[in-house]
Amino acid sequence: MSKQVITINRTYGSNGRLIGKALSERLNIPFYDKELIELVSQECNIPAKELEKVDEKRANQWHLPLKEAMQMEPQYHFRPMNDVLFDAQSTVIRDLAEKEDCIIVGRCADYALHNHEKCLNVFIHASTEKKVERIVKLYGETADKPEKRL
């Protein structure tokens, strides 16, 4: 039986992760964000370091990252690690949604769970000024051109 899941998508610097974590503590249900990389690593037997290299990064459309040693493994040959991560993460997200109530931040969880009957999708955003203030303060971005990072 499907469990209740809240997915939180957010814009960078909008506090989505912090809000998700606080909601998780208040509802006393598990919280997942970057923790999913470790779960995928264990499930697929791919070092987490390799997955982190492509996490939340767009694949280059002009070439496959064959210079990476993991990319040369037969099961991933000629397939961008971004795609491997996305597919495996989607599977892990769907499995979690069947096993437990949870909150998932980012990771395209809303897409992975688009057919899930008990899923609430939330989008969090903030003004550019607030996002700039936050990334300068918390993430150590320089105050010169943080808009470029946004």
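Predicted model: local features only at pLDDT ≥ 70, side-chain atom pairs only at ≥ 80, totals over all residues.
Phe86 belongs to helix 4 (residues 81-99) and Tyr111 to helix 5 (residues 109-112), so the pair ties together parts that are 25 residues apart in sequence. With a relative accessible area of 31%, Phe86 is partly exposed, whereas Tyr111, at 55%, counts as exposed.

Phe86 also takes part in a contact within the protein backbone's reach: the side chain of Ser90 comes to 2.9 Å from the backbone oxygen of Phe86. Ser90 is itself located in helix 4. This serine has a relative accessible area of 5% and is therefore buried, since the limit for that class is under 20%.

The protein chain contains seven helices and four strands, which follow one another from the N terminus in the order β-α-β-α-α-α-β-α-β-α-α. Of its 150 residues, 38% count as buried. Among contacts between residues at least 6 apart in sequence, 64% join residues at least 24 apart. The chain exposes about 9700 Å², of which carbon and sulfur atoms supply 51%.

The interior comes next. In soluble globular proteins, nonpolar side chains tend to be buried together. Here the largest nonpolar core comprises 22 residues, and those with the most contacts inside it are Leu36, Leu51, Ile93 and Ile104. At least two residues of this core come from each of helix 2 (35-44), helix 3 (48-54), helix 4, strand 3 (102-105) and helix 5. The most is given by helix 4, with eight residues. A second, separate core has seven residues, among them Ile6, Ile8, Val105 and Ile124. Leaving aside residues up to four places away in sequence, Leu51 touches Ile37, Val40, Ser41, Ile46, Met81 and Leu85.

Most residues other than glycine have a negative phi. Arg107, although not a glycine, has a positive phi of about 60°, and Cys108, likewise not a glycine, has a positive phi of about 55°. Arg107 is placed in the loop between strand 3 and helix 5, and Cys108 lies in the loop between those elements as well. Their accessibilities fall into separate classes: Arg107 counts as buried at 7%, while Cys108 is partly exposed at 40%.

The structure holds zero disulfides. For Cys119, the closest cysteine sulfur is that of Cys102, at 8.6 Å. A disulfide requires the two sulfur atoms to lie within 2.5 Å, so this separation is too far for a bond.

Terms used: Residues numbered from 1 in each chain as written. Heavy atoms only, no water. Buried < 20%, exposed > 50% of the residue type's maximum accessible area, 1.4 Å probe, protein only. Core = buried A, V, L, I, M, F, W, Y, C linked by side-chain atoms within 4.5 Å. Contact = heavy atoms within 4.5 Å. Polar contact = N/O pair within 3.5 Å; in protein donor to acceptor, adjacent residues only side chain to side chain. Areas by Shrake-Rupley, 256 points an atom, 1.4 Å probe, with all protein chains shown as cover.
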